Amino acid sequence: MVDKNLRRPKELLMAPLAGPLRAIHPNIVTGIACLFGLACAFAAAQGAYGVAVGLWIVNRILDGLDGTLARLSGKQSDLGGYLDIVLDTVVYAAIPLGLAFSVGTQGAFLALALLLASFYINGATWMYLAALLEKRNSGAAAQGELTTITMPGGLIEGAETVLLFSLFLLLPNLLVPLFTLMAALTMFTAVQRVFWATRALRS
């Protein structure tokens, strides 16, 4: 919902960190970010929630850093953008799985199934829509976006996902209602994008 407004401030915030790292390929940073995300999921599965929160913070910093580093070093690429989305998706699947295994109740696993189903459906609504917008020359470059491809807006975007995942890790005793809440908000976002696409793609 607020990602487009946050991208340029994030770029300014990350630039001082990215400057000294120009010799490192941004895809390496993307891979390291994923490893921290998977470590977060493992820590959460063991019930080490404090450790998991720390690993999550590092994952998010590195995930924000790789794109800035790519732009500053002139190494922005389609492959880098692709890997960033794929590995983020891996982390976004792994952490709820780890948390559900930690809680271990039937309710947690049912809420997990609902959450992952909402991710699956929402992914279809925005990824293919992004491809169509790029095909129609209405994508990231045309709109002056910093991302490799355009990210169609909605109620739940990156910033809201980071906030909700942080709550998952900080409040594991509320996992079932939090999973259910995010699933509902994500499905609402998917419906938003379908209605938007129905209007925008008719021409």
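**Salt bridges, a cavity, a pocket and a surface patch**

E11 and R71 form a salt bridge in which the closest N and O atoms are 2.7 Å apart. The pair joins distant parts of the chain, with E11 in helix α1 (residues 3-18) and R71 in helix α3, 60 residues apart. This is a predicted model, in which local features need pLDDT of at least 70 and side-chain atom pairs count only at pLDDT 80 or more, while totals for chains, interfaces and linings use all residues. Residues are numbered from 1 along each chain as its sequence is written, and side-chain values use heavy atoms, with hydrogens and water left out.

A salt bridge here is a side-chain nitrogen of Lys or Arg within 4 Å of a carboxyl oxygen of Asp or Glu. By this rule there are four salt bridges. Helices are DSSP runs of H or I with at least four residues, strands are runs of E with at least two, and both are numbered from the N terminus.

E11 also meets K10 in a salt bridge, at 3.9 Å from N to O. E11 counts as buried because its relative accessibility is 16%. K10, at 27%, counts as partly exposed, and so does R71, at 24%.

Another salt bridge joins the side chains of D88 and R60, at 3.4 Å from N to O. This pair too links distant parts of the chain: D88 is in helix α4 and R60 in helix α3, 28 residues apart. D88 is buried because its relative accessible area is 14%. R60 is likewise buried, at 15% relative accessibility.

D88 and R60 are also among the residues that line the largest cavity. Rolling a probe the size of a water molecule over the atoms shows where empty space is left. The search runs on a 1 Å grid over the protein atoms alone: a cavity is a set of points where a 1.4 Å probe fits but cannot get out, a pocket is an open set with protein on both sides within 12 Å along at least five of seven lines, and lining residues have an atom within 4 Å of a point. Grid points are joined across faces, edges and corners, and a volume is the space filled by probe spheres set on the points.

The structure holds one cavity of 30 Å³ or more. The largest cavity contains about 40 Å³ of space. Its lining consists of T30, A33, C34, N59, R60, D63, D84, L87, D88 and V91. Helices α2, α3 (49-73) and α4 are the elements that give two or more residues to this lining, and α4 has the largest share, with four. Ala, Val, Leu, Ile, Met, Phe, Trp, Tyr, Cys and Pro count as nonpolar, Asp, Glu, Lys and Arg as charged, and the others, Gly among them, as polar. On that basis the cavity lining has four nonpolar, two polar and four charged residues.

The second largest pocket holds about 170 Å³ of space. K4, L133, S138, Q143, T150, P152, G153, G154, Q192, R193 and W196 line this pocket. Helix α8 (residues 175-200) gives the most to the pocket lining, with three residues. By class, the lining has three nonpolar, six polar and two charged residues.

Helix α8 also holds V191. V191 counts as partly exposed because its relative accessibility is 40%. V191 and F42 are 149 residues apart in sequence, and their C-alpha atoms are 32 Å apart in space.

On the surface, L35, L38, L79, Y82, V86 and V90 form a nonpolar patch with about 550 Å² of accessible area together. Patches are made of residues with over 30% relative accessible area and no salt bridge, like charges being joined within 9 Å and nonpolar side chains (Val, Leu, Ile, Met, Phe, Trp, Tyr) within 5 Å. Accessible areas come from the Shrake-Rupley method with a 1.4 Å probe, and for residues only the protein chains shown count as cover. Helices α2 (26-45) and α4 (78-103) each supply at least two residues of the patch, and α4 gives the most, with four. L38 lies in helix α2 and is partly exposed because its relative accessible area is 35%.

Technical notes. Buried means under 20% relative accessible area, exposed over 50%, partly exposed in between (1.4 Å probe, protein chains only).
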